[in-house]
Amino acid sequence: MALDDQKPSGFKFVGTSPDRPDGLDKVTGRARFGADAYAPGMLHGAVVRSPHAHARIVRIDTSKAEALEGVKAVVTRADFVDGLQGEFGFVLENVMAGEKALYDGHAVAAVAASSQLIARDAVKLVEVEYEVLPHVTDVDAAMAENAPVLNDSYADASVPAGHHPNVVRYHDSGHGDVDAGFAEADLVIEDSFKTEATHQGYIEPHACLASLGGDGKGELWCTTQGHWIAQKTCAALVGIDTSQLRVTASEIGGGFGGKTTVFIEPVALALSRKANRPVKIVMTRSEVFRATGPTSSTSMDIKIGMKKDGTITAAQGIFRLQGGAFPGAPMEFSAMCAFAPYSLTNVHQVGYDVISNRPKQAAYRAPGAPMASFAVESVIDELCSQLDLDPIDVRLKNASREGTKASYGPKFERIGLVETLEAAKAHPHYSAPLEPGQGRGISCGFWFNHGGETSVSLALSEDGTCQISVGTPDIGGSRASMALMAAEELGIPYENIRVTIADTATLGYNDVSHGSRVTYASGLATIKAAKDAVGKLCKRAAAKWGIPEDAVYWEDGCAKPSGANAGNFDPMPLAKITKSMGRSGGPISGHFEATPEGAGVSFGTHIVDAEVDPETGKTAVVRYTVIQDAGKAIHPSYVEGQFQGGAAQGIGWALNEEYIYGEDGRLQNSIFLDYRVPVASDLPMIDTVIVEVPNPGHPYGVRGVGETGIVPPLAAIANAVSAAAGVRLRHLPMSPPRILRALKDKG
Amino acid sequence: MKKIHVTTTVNNDNVEFLCDPRETLLDVLRDRLNLTGAKEGCGTGDCGACSVTVDGRLVCSCLVLGAEAEGKKIATVEGIAKGEELHPLQHKFIEYAALQCGICTPGILVAAKSLLEKNPDPTETEVRYWLAGNLCRCTGYDKIIRAVMDTAADMREAS
């Protein structure tokens, strides 16, 4: 799309922050989330999970559980489709183990009973005989020569010869000659980094209500970021036609990437079919931690060369990601995002996808990017510090701009990195004096953003109001943004528009609410669906006036003749046209569907002040500023909310959150008391600056804003800790014990 | 297991129910009384999504047994608005965009209301520590804290 197709300015609705349409429901307890659905005759399901990190399943005896009064069905792997290949095969293996349990918490059977208490009692009566096998949970250990083999058939053709079978995918990219580049440098720093796995930590556990009959027709209600992927996957796993399963997305209590796949949904469907009753399953928090997607843990080596004037001469990174027991760790995203903020002549990046005895990783906000950025931006900071250069000036000197060949290949279109760096430099935070014991860190971050399959329908009512059906679950206020964009096009008040997240029977396939795509892609489709309806409205007016269609245009919610030659008619408001639409040609609707390709990449720069307590090793974040390019902020309050939420999650990742496995391969911290996400008293206010460099790929210039905000905090905080306490932490999280050890080693 | 008969008051309504001795107050509210506003985020008293008050005291309803409700006065998020009239906190949460997904919102509103009843003029630090038992994963708390502080200021002015 050319820039001159874009609406340049003069927005009436876009850029305002009205109350969200689901606000009342959410503040009164009326909104229905995953666990808030009940059905007549409903049973409760519960899942039997492996206590072992790696074990052969010798025998499962369900007879005692089946004999318990109130138990109506028990399922095991035998109740699912046999012989699935590829991603569906991995998902099924994760949803219900076959020959082996591959991690602590791996599902091996499930029961449905007349109450949740009976279901949980029945779980204890399912007897599973295991042959315990050696296990491995650390990424470096899983790649080592004598590591236990999880599955010797998972490695694909990308993996060079000589690697352990746990290395299942390999990535290699870059351009230029890094050795020549390092030779030109005045200073080369090479360092190794590790990050521990974190969980998305959505407050709402996975929950669903399923009903499936022997006729192969089913209904599924679930909390999900994408009900079409749930429909397609569940249908494949239980062996029914996709279109025979209608999936409705509940209100979603947080996802952050972790609800882009299925876990309990196919299990509830299989139980329902066997019991011939609706079955509800709600995970416990411990099940969420043990068996749903955390992030990858990582091991990384970074080498960067710099001249005395701050010019980066070469950059190289090796990114090893453990993604649990199945292929899919986003190591290529780590590799591709790592150096994206910089215009580099010589760059080389390598990625390894490694399997281990942990739950299958799932996407988490810019998957793969925060860890890589932590490592790279820490080394850049160290170079700046040793060469006595300002970290923003160095980033500006090397910044990617429009036309730069990206470290991952393509040429950047119009991007806003420089604008975020300039805004950071000008921000009062950057020049504010620090208290003794405090340090300041900055970091940049990058994320691709995504388009994805998108289908939106819009229908006008006789009274001149509008209803819109979108297929992307609202994870942060997107219904408000859709209504604002439709109001802009139609010229009717925001309040006259109702946006609904439609079920799978209502629209064609919609990709998941991920990749920061909703405001971009569903927004683009909403605008185009509204334009489609506007075209029809103009046509009705033209017919009424007896003039050609192209002599009518749309402005301020009215059809107008396009000039004196077209005729002298009063503007015809939308409500007047819709009032008689039944007699003038029938209902008026708008529709648009596509897989838009112009998502527009996004950059951000964060500034953080941190204070380290030398006695306890606790780090306090005392001031935080997020500066990010939103392209165009449709609903600025929710854009700020995305910036703040991303920063808060990044702060948790940097300082506290980690999966801790024991020697026995069991997860030791599977509740919120032990897996500590940031609480209100841990954080300061989080200041935001919305930079708007329009994305050429969207009619209003929108760039997705959801993910980039979690990329810079890890390094920004590590850099602040280094400045505050004189210790460089290369292993996340920078929890008090790690900080104390580093302080002690420093002496 | 033999069920227990309980007579109690929820949001000023007299209610009776039978419950298993193992059922929590949260289970009873949600599964027996159809009050699904309180949410189970953890079941261990760490997230605060199930916050209610029992005889005016803020508790995690996942840590209270249903049987303990006997003779008590329970208040949940469903009782905060009076008919059509929202509580000032509810208005302010919408106005300030102090929620994204909204799963923690019922618990935070119950907790914040309880704070303002005890302390109508809290400092930012006091609000942050009072709400430290209510996890929000979406917002970074910024807009929540502002909404509570501003509601407190409005309510002080109105009284």
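A polar contact is a pair of N or O atoms within 3.5 Å; within protein, one of the two must be able to donate a hydrogen and the other to accept it, and residues adjacent in sequence count only if both atoms are side-chain atoms. By that rule, 4 residue pairs are in polar contact across the interface of domain 1 of chain B and domain 2 of chain B, with both residues at pLDDT 80 or more. The model is a predicted one. The points below begin with the interface of chain B and chain A.

**Interface of chain B and chain A**

- On the side of chain B, 46 residues are in contact with 54 residues of chain A.
- The area buried between chain B and chain A is about 4,200 Å², and carbon and sulfur atoms account for 58% of it.
- Three residues, B:Ile94, B:Gln100 and B:Arg137, contribute 21% of the area that chain B buries against chain A, more than any other three residues.
- The interface of chain B and chain A holds 5 salt bridges.
- One salt bridge joins the side chains of A:Asp36 and B:Arg30, with an N to O distance of 2.7 Å.
- Polar contacts across the interface of chain B and chain A amount to 24 residue pairs, both residues being at pLDDT 80 or more.
- Helices α1 (25–32), α2 (88–95), α3 (105–118), α4 (124–130) and α5 (142–158) of chain B are the elements that each give two or more residues to the side that touches chain A.
- By class, the side of chain B that touches chain A comprises 20 nonpolar, 10 polar and 16 charged residues.

**Domains of chain A**

- The assignment for chain A gives domain 1 (3–31 + 455–594), domain 2 (39–134 + 200–291) and domain 3 (390–395 + 407–449 + 600–746).
- Between domain 2 of chain A and domain 3 of chain A, the C-alpha centres are 36 Å apart.
- Domain 2 of chain A brings 14 residues to this contact, and domain 3 of chain A brings 10 residues.
- Together, domain 2 of chain A and domain 3 of chain A bury about 970 Å², with 58% of it on carbon and sulfur atoms.
- Polar contact between domain 2 of chain A and domain 3 of chain A is found for 4 residue pairs, with both residues at pLDDT 80 or more.
- The side of domain 2 of chain A that touches domain 3 of chain A consists of 7 nonpolar, 4 polar and 3 charged residues.

**Domains of chain B**

- Chain B is split into domain 1 (4–79) and domain 2 (88–158).
- The C-alpha centres of these two domains of chain B are separated by 22 Å.
- Their contact involves 13 residues from domain 1 of chain B and 12 residues from domain 2 of chain B.
- About 930 Å² is buried between domain 1 of chain B and domain 2 of chain B, 65% of it on carbon and sulfur atoms.
- B:Cys47, B:Leu58 and B:Val77 provide 44% of the area that domain 1 of chain B buries against domain 2 of chain B, more than any other three residues.
- Across the interface of domain 1 of chain B and domain 2 of chain B there are 0 salt bridges by the rule.
- Strand β3 (residues 51–54) of chain B gives the most to the side of domain 1 of chain B that touches domain 2 of chain B, supplying 3 residues.
- That side of domain 1 of chain B is made up of 5 nonpolar, 6 polar and 2 charged residues.

Definitions and conventions. Residues are numbered from 1 along each chain as its sequence is written. Chains are lettered from A and ligands numbered from 1 in the order in which they are written. This is a predicted model: local features need pLDDT of at least 70, side-chain atom pairs count only at pLDDT 80 or more; totals for chains, interfaces and linings use all residues. Side-chain values use heavy atoms; hydrogens and water are left out. Contact means heavy atoms within 4.5 Å. Buried area is the accessible area (1.4 Å probe) that two parts lose on being put together, summed over both. A salt bridge is a side-chain nitrogen of Lys or Arg within 4 Å of a carboxyl oxygen of Asp or Glu. Helices (H or I, at least four residues) and strands (E, at least two) are DSSP runs, numbered from the N terminus. Ala, Val, Leu, Ile, Met, Phe, Trp, Tyr, Cys and Pro count as nonpolar, Asp, Glu, Lys and Arg as charged, and the others, Gly among them, as polar. Domain bounds come from an automatic or database domain assignment.
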